[in-house]
Amino acid sequence: MSGVVLQVGQCGNQIGQHVWETVLKNNDRNNHVFCHFDGKLRSVNVDSEPKVVRTLLKNCKSGKFREGNIILGKRGKGSNWALGYSGSIDNSDVVIQDTMDAHRRETERCDSYSGTIIIHSLSGGTGSGVGSRLCELLRDEYPLAYQLSVCVAPHSTGESPLQHYNCLLCLARLQRYADGIIWFDNDEVMNRLLKATRAPPGGFSNVTLNAMNHHISSALCGVLCPIDSLTPKTGVSLGMEPWELIRSVCPMPANKFIHVNHVSERKSSWIDIAKNATNFLQQRNQDGQHYTSLSNVIVSRGDPTGSFPSHINAIEERIKKCYNTVSWNPYPCDFWIGKRSLSKTDKPSLTIASNYSSVIDLLQRVVNRSQEMYNAGAYLHWYQKYGCDKEYFECAFESVNNVIASYQESILS
């Protein structure tokens with residue numbers, strides 16, 4: 001089962017680079033999951049301007065990426081979802097069509113195409129707008145293939161005056177077309193890294209963008225890379241981890257947001273690693289109400305001695321308690337176990353992918369701030385210029401509000 005990785009925009013390409021570094025460092029017999037037999041990566045890299053992708057062009061010389069799979073535009077998207085989604089007023093922008101052509105060629109090289117992983121941001125014009133349009137076109141072109149979105153939400157303090165609109169419109173499209181949505185919040189990642197480095201309050205400068213991207217990529221590799229539990233006795237992976245993750249963690253189509261918690265530590269017991277993972281987890285909202293998880297996949301890597309199974313019961317009880325699993329799911333925890341570590345230093349790692357209700361806070365924040373701007377008529381003309389009228393916004397508000405209501409209903413059942 002083969003898949004294609006689609007990296008869209010600055011955020012998607014920066015995170016994707018870290019993912020490929022981890023994949024290529026392992027260099028084992030299961031690299032065929034991400035690489036073709038000619039050694040080229042199953043990757044299509046898209047950006048509306050070339051500055052971030054230039055490093056990828058350097059890697060092309062070493063034979064890792066196909067030059068034809070690097071799609072560059074001639075100008076940015078102005079942090080505008082509508083411009084990214086529509087392309088341009090006069091249809092002179094061919095980035096979207098070139099991307100679909102490159103993706104089609106990649107699927108034709110696959111022995112058994114199963115789906116696409118799209119890495120992008122929720123706020124940028126390219127990540128949100130072009131990413132949304134590609135999700136829609138891929139669903140039309142490959143209706144039976146899986147579609148897994150990996151999206152990053154911006155800092156709540158603001159990166160662009162349009163970020164809330166962009167997030168709203170992109171989330172509505174993802175909810176409609178994607179099968180699963182792995183989401184990261186920049187604020188949460190920042191706070192987590194501050195805690196890990198024991199930085200003093202206000203020490204945001206101690207956490208670099210590169211460190212944040214590295215953490216996100218490590219979490220992705222923790223759940224998406226081949227694992228022994230899903231590998232046949234032949235030892236050759238089928239590459240079904242992304243799609244099995246969707247089936248395990250997203251059992252209901254209305255609730256498809258996946259929160260990923262990743263910890264990697266040297267010389268620690270599995271119990272201690274599980275404790276650290278749950279200690280980093282934000283368990284309550286601002287009102288003191290406990291978040292709830294609908295289902296969870298726990299992935300352990302770096303267990304050459306096979307000691308992890310003896311700790312499963314204790315770890316499961318801790319996760320059920322800290323993640324506050326719903327009572328109606330009789331089997332809320334699924335375990336995947338791998339002998340090999342993701343790092344060359346053989347550090348054991350624990351990755352928890354959870355359908356976690358903390359996403360309600362993100363969705364509610366996006367809706368509330370977008371609604372305030374929408375009621376005031378702020379910046380709407382920037383979207384109407386590219387064909388995004390009020391109907392787009394009203395449908396997006398309805399879609400995201402329905403997701404919030406569905407999660408609230410699920411955790412109260």
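The legends below describe close-up views of a predicted model.

Local features are given where pLDDT is at least 70 and side-chain atom pairs where pLDDT is 80 or more, whereas totals for chains, interfaces and linings use all residues. Residues are numbered from 1 along each chain as its sequence is written, and side-chain values use heavy atoms, with hydrogens and water left out.

**View 1. The largest nonpolar core has 60 residues.** A nonpolar core is a set of buried Ala, Val, Leu, Ile, Met, Phe, Trp, Tyr and Cys residues joined through side-chain atoms within 4.5 Å; buried means under 20% relative accessible area, exposed over 50% and partly exposed in between, with a 1.4 Å probe and protein chains only. Phe257, Tyr383 and Phe393 have the most contacts inside this core. Helix α6 (residues 163-177) gives the most to it, with nine residues; helices (H or I, at least four residues) and strands (E, at least two) are DSSP runs numbered from the N terminus. A second, separate core comprises 48 residues, including Phe34, Leu220, Val223 and Val260.

**View 2. The surroundings of Tyr383 are shown.** Contact means heavy atoms within 4.5 Å. Apart from neighbours within four places in sequence, Tyr383 is in contact with Asn80, Trp81, Ala82, Leu162, Tyr165, Asn166, Leu169, Cys388 and Phe393.

**View 3. Ser370 lies in helix α12 (residues 359-376).** Ser370 is buried, with a relative accessible area of 0%. When residues up to four places away in sequence are not counted, Ser370 touches His164, Tyr165, Leu168 and Phe397.

**View 4. Helix α4 (residues 95-109) has 15 residues.** From first C-alpha to last, α4 reaches 21 Å, close to the 21 Å expected at 1.5 Å a residue, where the expected span is 1.5 Å times one less than the number of residues. Its buried residues are Val95, Ile96, Thr99, Met100, Ala102, His103, Glu106 and Thr107. Seen down the axis of α4, they fall within an arc of 165 degrees and so line one face of the helix; the arc is that of the directions from the helix axis to the C-beta atoms. Their cover includes β1 (2-8), β2 (43-47), β3 (70-72), α3 (81-86), β4 (113-121) and α5 (125-141).

**View 5. The structure holds zero disulfides.** A disulfide is a pair of cysteine sulfur atoms within 2.5 Å. For Cys333, the nearest cysteine sulfur, that of Cys322, is 11 Å away; Cys333 counts as buried, at 12% relative accessibility. The sulfur of Cys395 is 10 Å from the closest cysteine sulfur, in Cys388, too far for a bond. Cys395 is partly exposed, with a relative accessible area of 42%.
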